[in-house]
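Hi,

Here is the structure I promised to pass on to you. Have a look at it first, and then read on for my notes.

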Amino acid sequence: QKKAASVSKQLLQCITDLTLKLCGDIQSDTEKFAKHARRTTVNVDDVRLFARRNEDVVKFLHDFASKHLKPPMKRKRTAPEQHAEQH
């Protein structure tokens, strides 16, 4: 058995702060992506968009979603002339 390395309280606090900041960024950005797509619910596509610069994370999310999530329901779009009539 390997002996576990000790971690300083300062390092643990730094990791905690970075994790909370990242979670806040993920929440904020994914909510903006969903709003831009005219949705009120964040979905896996929003998380993929957030993680788009990290190929390993994108692959993990794709594999996870394929195995564990139902495909999103396609929203019916109204024709532009129908949309204009509604306003």
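**Charged pairs and helices**

Let me start with aspartate 45: its relative accessibility is 38%, so this residue counts as partly exposed. Please keep in mind as you read that this is a predicted model.

Aspartate 45 has a partner, arginine 48, and their side chains form a salt bridge with an N to O distance of 3.1 Å. Both residues belong to helix α2 (residues 44-50), where they sit 3 residues apart, about one turn of the helix. Arginine 48 is also partly exposed, because its relative accessibility is 22%.

Helix α3 (residues 55-68) holds a pair of this kind too: aspartate 63 and lysine 59 both lie in it, 4 residues apart, about one turn of the helix. Their side chains meet in a salt bridge at 2.8 Å, N to O. Aspartate 63 has 29% relative accessibility and so counts as partly exposed, whereas lysine 59, at 52%, counts as exposed. As background, an α-helix has 3.6 residues a turn, so residues three or four places apart point the same way.

Which side chain does aspartate 46 meet in a salt bridge? The partner is arginine 39, and the N to O distance is 2.8 Å. Aspartate 46 is buried, because its relative accessible area is 3%, and the cut-off for buried is under 20%. Arginine 39 has a relative accessible area of 27% and is therefore partly exposed. In total, the structure holds 4 salt bridges, the ones described here among them.

Now for helix α1, which covers residues 9-36. How far apart are its end C-alpha atoms? They are 40 Å apart, and this agrees with the span of 40 Å that its 28 residues should have at 1.5 Å a residue. Just after α1 comes arginine 38, which takes a positive phi of about 60°.

How many disulfides does a search of the whole structure find? The number is 0. Cysteine 14 counts as partly exposed because its relative accessibility is 39%. Cysteine 23, with 46% relative accessibility, likewise counts as partly exposed.

Best wishes

Terms used
Residues are numbered from 1 along each chain as its sequence is written. This is a predicted model: local features need pLDDT of at least 70, side-chain atom pairs count only at pLDDT 80 or more; totals for chains, interfaces and linings use all residues. Side-chain values use heavy atoms; hydrogens and water are left out. Helices (H or I, at least four residues) and strands (E, at least two) are DSSP runs, numbered from the N terminus. The expected span of a helix is 1.5 Å times one less than its number of residues. A disulfide is a pair of cysteine sulfur atoms within 2.5 Å. Buried means under 20% relative accessible area, exposed over 50%, partly exposed in between (1.4 Å probe, protein chains only).
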